[in-house]
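Q: Let us read a model feature by feature. Where do we begin?

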Amino acid sequence: MKNVKVGIVQFPGTNCDYDTQYAFEKLGCETKLIWHKETAVDDGTDLLVIAGGFSYGDYLRSGAIARFSPIMDAVGRYAKNGGKVLGICNGFQVLTESHLLPGALKRNEHLHFLSKHHHLKVVANNNTFLQKMQSGEVVNIPIAHHDGNYFIDPESLKELYNNDQVLLHYCDENGNISNPNGSVDAIAGICNMEKNVFGLMPHPERAMEAVLGSDDGLKMLEGFLG
Amino acid sequence: MKAIVNISLKAGVLDSQGKAVHHALDALKFDGVDDVRIGKQIVLELSQTDKEKALEEVTQMCESLLANTVIEDYEIELIS
């Protein structure tokens with residue numbers, strides 16, 4: 001099997017970079033941390049991950065300042081050329097702020113910072129990310145965010161569904177919709193129209209060891225192994 | 001010149017913080033508040049002296065960074 005090369009972007013305030021590295025190395029990938037002042041992505045990179053955290057202290061809006069870091073031009077070019085990009089939590093916020101993904105992440109509806117395990121249900125699996133999962137499959141993955149309330153206007157929401165861009169819904173352990181943060185349609189993750197840019201609020205990289213509560217993140221991230 | 005930028009969630013986008021403050025005002029018996037919207041104010045000290053150019057520059061700042069126009073509106077006030 002080809003050695004999958006994963007680049008992990010670090011901003012000041014990113015704090016899931018090493019968890020993400022651990023996760024992909026556990027899956028046998030070669031990883032490289034990329035400081036945000038870099039201006040290029042290595043040739044041969046199979047996946048770029050914008051890791052979670054609190055880039056720039058979440059000042060102004062979550063992800064708003066990171067979007068203008070030097071590396072983001074390279075991320076944009078990489079994505080436009082069909083490269084695969086995964087944004088987890090703050091990474092998802094950075095990708096919406098960059099307009100690489102549609103919509104925006106608002107403050108959680110009940111204003112609380114949420115940090116707990118939550119179940120997710122796979123919606124569309126006809127994409128690289130979730131190709132190894134079944135539609136309707138339920139996984140147990142941690143969430144940890146203050147601004148995870150996904151917003152998109154009703155017309156664009158329809159387009160997301162029509163084009164199979166809605167990846168994950170929040171649900172309970174039986175797969176019934178359960179919305180922790182007020183997201184439109186309980187959406188936890190989406191992808192772009194071309195299905196090479198993915199974003200989700202939950203943290204699959206924190207669900208890699210059964211002894212720590214769940215290893216459901218393994219089968220989520222395995223999709224990127226091809 | 002000074003630019004005062006007021007940013008708020010668009011009409012129709014639920015303002016959870018505004019709603020929570022509205023509840024708190026109700027609890028304090030401040031009747032007669034129909035709605036509460038919370039935004040943020042950004043004050044910029046500009047070296048630009050031409051009002052038209054200043055407005056153009058601050059508009060670009062709002063569109064690119066200061067506001068997320070997917071969910072927010074902005075208003076610019078210039079004080080020379």
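A: With the elements: helices (H or I, at least four residues) and strands (E, at least two) are DSSP runs, numbered from the N terminus. Take helix α1(A): just after it, A:G28 has a positive phi of about 90°. The model is predicted, so local features need pLDDT of at least 70 and side-chain atom pairs pLDDT 80 or more, while totals for chains, interfaces and linings use all residues. Residues are numbered from 1 along each chain as its sequence is written, and chains are lettered from A and ligands numbered from 1 in the order in which they are written.

Q: Which residues other than glycine have a positive phi, and where is A:Y56 placed?
A: Most residues other than glycine have a negative phi. Here A:Y56 has a phi near 50°. It sits in the loop between β3 and α2 of chain A. A:A186 has a phi of about 55°, and lies in the loop between β9 and β10 of chain A.

Q: Is A:Y56 buried or exposed?
A: Count C-beta atoms, placed from the backbone, within 10 Å of a residue's own: 20 or more others means buried, 12 or fewer exposed, and in between partly exposed. A:Y56 has 21 such neighbours, so it is buried. A:A186 has 18, so it is partly exposed.

Q: What does A:P180 touch?
A: Contact means that C-beta atoms, placed from the backbone, lie within 7 Å. Leaving aside neighbours within four places in sequence, A:P180 contacts A:L114, A:H118, A:I143 and A:Y170. A:P180 lies in the loop between β9 and β10 of chain A. Its 21 C-beta neighbours inside 10 Å make it buried. Its C-alpha atom is 8.1 Å from that of A:N108, 72 residues away along the chain.

Q: In what order do the strands of the sheet run?
A: Two strands pair if DSSP finds at least two bridges between them. Nine strands of chain A form an open, mixed sheet: β2-β1-β3-β4-β11-β10-β9-β6-β7. β2 and β7 of chain A are at the edges with a single partner strand each, so one side of each has no neighbour in the sheet.

Q: How is β1(A) joined to β2(A)?
A: Six bridges join these parallel strands. A:Q10 has A:W35 as its bridge partner in β2(A). The chain passes from β1(A) through α1(A) to β2(A) in a right-handed β-α-β crossover. Right-handed means that, with the strands pointing away from the viewer, the path from the first strand over the helix to the second runs clockwise.

Q: What joins β1(A) to β3(A)?
A: Four bridges, again with parallel strands. A:V6 stands opposite A:L47 in β3(A). Five of the six residues of β1(A) are buried, so the rest of the structure largely encloses this strand.

Q: Which residues of α1(A) are buried?
A: An α-helix has 3.6 residues a turn, so residues three or four places apart point the same way. In α1(A) the buried ones are A:D17, A:D19, A:T20, A:A23 and A:F24. They cover an arc of only 165° (from directions from the helix axis to the C-beta atoms), which puts them on the same side of α1(A). Their cover includes β1, β2, β3, β4 and α5 of chain A.

Q: How many residues of chain B touch chain A?
A: Eight, in contact with 11 residues of chain A. Helix α1 of chain B gives the most to that side, with three residues.

Technical notes. Contact = placed C-beta atoms within 7 Å.
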